[in-house]
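Here's a quick briefing on helix packing and the ligand site. Have a look at the structure first, then go through the notes.

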Amino acid sequence: MCLSIPAKVEKIDGDMAVVSVGGAKYNASLQMIDDIKLGDYILMHTGFAIQKLSPEDAEESLKIFEEFEELNRQLDKEEKKTGERIV
Amino acid sequence: MKYIDEYRDKELVKKLVDQIKKRSTKQISLMEVCGGHTMAIQKFGIPSLLPENIRLISGPGCPVCVSSNSFIDQAIAYSRLDDVIITTYGDLIRVPGSTSSLDKEKAKGADVRIVYSILDALTIAKKNLGKKVVFLGIGFETTAPSSAAGILKAQMAGLRNFYLLSSHKIMSPAMEALIDEGVKIDGYIAPGHVSTITGSGIYKNIAEKFGLGVVISGFEPVDLLKSILMLVNQMENNNPKVEIAYTRAVKPEGNLKAQQMMKEVFELADDWWRGLGVLPKSGLKINKKYKMFAAEEMIPVEVEPIREDKGCICGEILKGLKNPKDCKLFDKACTPANPVGACMVSHEGACNAYYRYNK
Ligand code: SF4
């Protein structure tokens, strides 16, 4: 019951929407979120859209590893130089 | 599927695991508090990917598991009244109360109906004006706003035969209570969908007062590993703080509209948690203004005296002190088909997740 799933908004009728999860259709209430357009992705929980999913942030969060990789490369370099790892 | 497949990418998973291994030097224990995380961690076999110095422990985040027998007993008592229809999420139906379960009452003829959403319960109420429809409200901040929204809808529609029996709880008091009790952990993998509603502010105390790392995580393997990597980084840098790894769904301020609905309908009350006892201001009770929708206020009923199941160590498991495999009944007297305790019933329960994925 605590699970929420990403769903695509396919139809909007007042404060209700029809959303699809991998092809299966569900009704979702839009009472808790504003500014929803057709094609948006929402997080659905017990029949309610609880948040609009952000495509920019999704991309950003997949990119974050590059940062870590960079950090690790630096640490490796320093390690080689000083013979010990600082953190 | 969008927002799922890319977070199960094998290459990314491998990269993350490598980085965790490289970065992590300290012995650390991380607790996942959300039942959804417990389930995902077992399902994807996350522990087997991690180096030995990182230990994952399950916490008290399965709402069915932490709720009291008396909540189930009261629901059962209602189900025995002729003029009541019980509506509930499927998770609750097989949870053993003191002497029965909703499932058993249904077999004996009680009108107990499983719904996916409180909105379905409202529809049932509209179609059965001669009956009292009681909805069993269970769950943390993710689910509580939908109960609030349901009550607001019932009020707007002028429905007078709809009631909520609330066992809704809020997460952060339990997370703080565990640290107070001396459970040895270094950081929290914080619940993603609770935080979608609440935002990240509710964990401030945990980082600042208790010095523990908190990273809000999503539910896919990449999400979980990324959160673990962020926690490892915090530990290695001795810099515990609150961070959001699940940025596509969690904003620092949360969902203000949902928070507003909860505030409108509920007030904070002391509440009992399995394993932790009574925690101050950790439960959500319907407030005076919406009293006519509160089942316990409007439908008096006699409830049988509480009996706890002997031998079930669910409470210890919820505190992260024991593992399902430490329970003598696990996979013997207690299985998902024949559950002794709540932790085996709910899919989010630690015993159930262990049974299915890690037996
Ligand atoms: S295995 Fe069953 S009896 Fe043992 S702790 Fe889990 S739920 Fe309780």
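In chain B, helix α1 (residues 10–23) and helix α12 (residues 221–236) have axes that come within 10 Å and cross at roughly 15 degrees. That makes α1(B) roughly parallel to α12(B), a label for angles under 35 degrees. Keep in mind that this is a predicted model, where local features need pLDDT of at least 70, side-chain atom pairs count only at pLDDT 80 or more, and totals for chains, interfaces and linings use all residues. Residues are numbered from 1 along each chain as its sequence is written, chains are lettered from A and ligands numbered from 1 in the order in which they are written, and side-chain values use heavy atoms, with hydrogens and water left out.

**Helix packing**

- Helix α7 (residues 118–127) and helix α8 (residues 144–156), both of chain B, cross at roughly 25 degrees, and their axes come within 9 Å.
- α7(B) and α8(B) are therefore roughly parallel to each other, and α7(B) passes α8(B) in a right-handed crossing.
- Helix α2 (residues 35–43) of chain B packs against helix α17 (residues 350–357) of chain B at about 15 degrees, with the axes 9 Å apart.
- So α2(B) and α17(B) also count as roughly parallel, with a right-handed crossing.
- Axes here are lines fitted to C-alpha atoms over the stretch in contact, and angles run from 0 to 180 degrees between N-to-C directions.
- Helices are DSSP runs (H or I, at least four residues), numbered from the N terminus.

**Ligand site**

- The ligand has 13 residues around it (a heavy atom within 4 Å), and the closest are B:C312, B:C314, B:C327, B:C334 and B:C351.
- By type, the shell has 12 nonpolar residues, one polar and no charged; Cys counts as nonpolar here, and Gly as polar.

Key:
Helix = DSSP H or I, 4+ residues; strand = E, 2+ residues; numbered from the N terminus. Parallel < 35°, antiparallel > 145°, perpendicular 65-115°, else oblique. Left-handed = near helix turned anticlockwise from the far one by under 90°.
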